[in-house]
Amino acid sequence: MFKTLMSCALLFIATSAFADENNVTTSESVYVFPDSFSLNIGGLYANSDSYMVVTNPRTGGTFPLDFEDDLNLKEKQFLPFIELAYSFNQRHNIYIDLKSLHRTAVSPQIAKDFQFTLPDSDITYDVEAGISLKSTLDIDILRLGYGYDIWQGENYTIGASVGVHTMFVKTAFEGEIGICVPNTQLEQYCGEKITSPRVVDKSLTAPLPNFGVYGHYEFISGWVFKAYAQYFSLEYNDAEGSLVDVRAVVEAELNENWSLIAGFNYYEVDIDYEQTLTALDQEFYIANYNVNYSFTGPMISVQYTF
């Protein structure tokens with residue numbers, strides 16, 4: 001451990017010395033970075049793995065209900081994103097981006113009975129085996145952040161960023177859904193009817209902090225290598241999860257305003273949301289959502305700078 005810490009310290013000192021030396025040698029002609037806006041639109045190809053732990057209404061036990069295997073949601077799907085950045089005063093950067101994964105599928109025949117409740121709801125819904133069920137799981141992640149260029153040169157930039165993420169998760173089920181679970185402590189709901197066959201839950205996480213590092217290096221005029229890594233984890237009320245975002249790309253300048261970006265991206269989001277139900281002055285465990293989707297592979301986007 002001591003050797004590792006010493007190695008990191010020596011690497012930091014060497015990097016700082018290199019940056020200071022570069023600043024000295026270029027102090028006579030400091031390169032000025034102009035203020036600019038950039039709009040970047042592209043996509044990834046996401047691999048999704050999502051499930052919720054639900055309750056068996058007959059035995060009272062729990063089991064995982066897989067959105068991909070049991071409810072027919074696509075495991076692999078295109079994930080679009082949009083990014084807007086503003087660079088100003090030489091070293092400062094403000095950015096905002098949105099990633100979106102929306103999926104809907106129909107299961108002609110549900111294989112297992114299960115019951116679930118929505119967050120902040122006192123109603124338990126019961127789905128019986130054999131019915132047709134339409135399922136929706138939409139996830140949107142909005143990120144807002146600030147970056148500062150710690151070291152700069154005419155052809156390189158190294159900086160750090162801090163920001164917040166907000167997750168929007170929508171879950172919907174549509175079919176012959178009941179709210180009666182006989183012969184259990186929840187049978188008080190047996191006399192109630194569902195006015196709509198569509199049950200929708202829209203969950204929102206609080207703004208969650210994230211931290212990152214980034215670097216740019218122009219190795220040929222008009223060709224820039226860019227890399228960044230960001231991370232955050234959360235634990236808020238009954239929710240917890242994490243995000244890892246690592247990207248390495250090459251940006252090719254097509255003209256003064258347009259650029260083409262291609263490279264490699266590792267992106268993974270994991271969300272756990274525990275649900276309980278209060279009934280008869282007792283709290284019952286009902287279900288736990290676990291949503292995980294990841295991407296490891298090539299990405300491509302088009303950027304407009306003005």
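View 1. The model is predicted, so local features need pLDDT of at least 70 and side-chain atom pairs count only at pLDDT 80 or more, while totals for chains, interfaces and linings use all residues. Residues are numbered from 1 along each chain as its sequence is written, and side-chain values use heavy atoms, with hydrogens and water left out. Leaving out residues up to four places away in sequence, S38 touches E83, L84, A85, Q303, Y304 and T305 (contact means heavy atoms within 4.5 Å).

**View 2. F37 and Y86 form a stacked ring pair.** Rings of Phe, Tyr and Trp (its six-membered ring) pair if their centres lie within 6.5 Å; planes under 30 degrees apart count as stacked, over 60 as edge-to-face and the rest as tilted. By this rule there are 7 aromatic pairs. The ring centres of F37 and Y86 are 4.4 Å apart and the planes are at 20°, so this pair is stacked. It links distant parts of the chain, since F37 is in strand β1 and Y86 is in strand β3 (residues 76–88), 49 residues apart. F37 counts as partly exposed at 35% relative accessibility, and Y86 counts as partly exposed at 28%. Y86 also forms a stacked pair with F88, at 5.0 Å centre to centre and 15° between the planes. Ring pairs join F37, Y86, F88, W258, Y304 and F306 into a cluster.

**View 3. Two charged residues lie over the face of F81.** K99 is at 5.6 Å from the ring centre, and R247 is at 5.3 Å from the ring centre. A charge sits over a ring if NZ of Lys or CZ of Arg is within 6 Å of the ring centre and within 35 degrees of the ring normal.

**View 4. Strand β8 pairs with β7 and with β10.** Strands pair if DSSP finds at least two bridges between them. Strand β7 (residues 133–152) and strand β8 (residues 156–175) run antiparallel and are joined by 19 bridges. They form a hairpin with 3 residues between them. L133 stands opposite G175 in β8. Strand β8 is also joined to strand β10 (residues 208–220) by 10 bridges, again antiparallel. Here Y156 stands opposite Y217 in β10.

**View 5. F114 belongs to the largest nonpolar core.** This core has 40 residues, and those with the most contacts inside it are F114, F116 and Y293 (a nonpolar core is a set of buried Ala, Val, Leu, Ile, Met, Phe, Trp, Tyr and Cys residues joined through side-chain atoms within 4.5 Å). Leaving out residues up to four places away in sequence, F114 touches residues including V54, F63, L65, Y125 and L133. In the protein chain of 306 residues, 43% count as buried.

Terms used. Helix = DSSP H or I, 4+ residues; strand = E, 2+ residues; numbered from the N terminus. Buried < 20%, exposed > 50% of the residue type's maximum accessible area, 1.4 Å probe, protein only.
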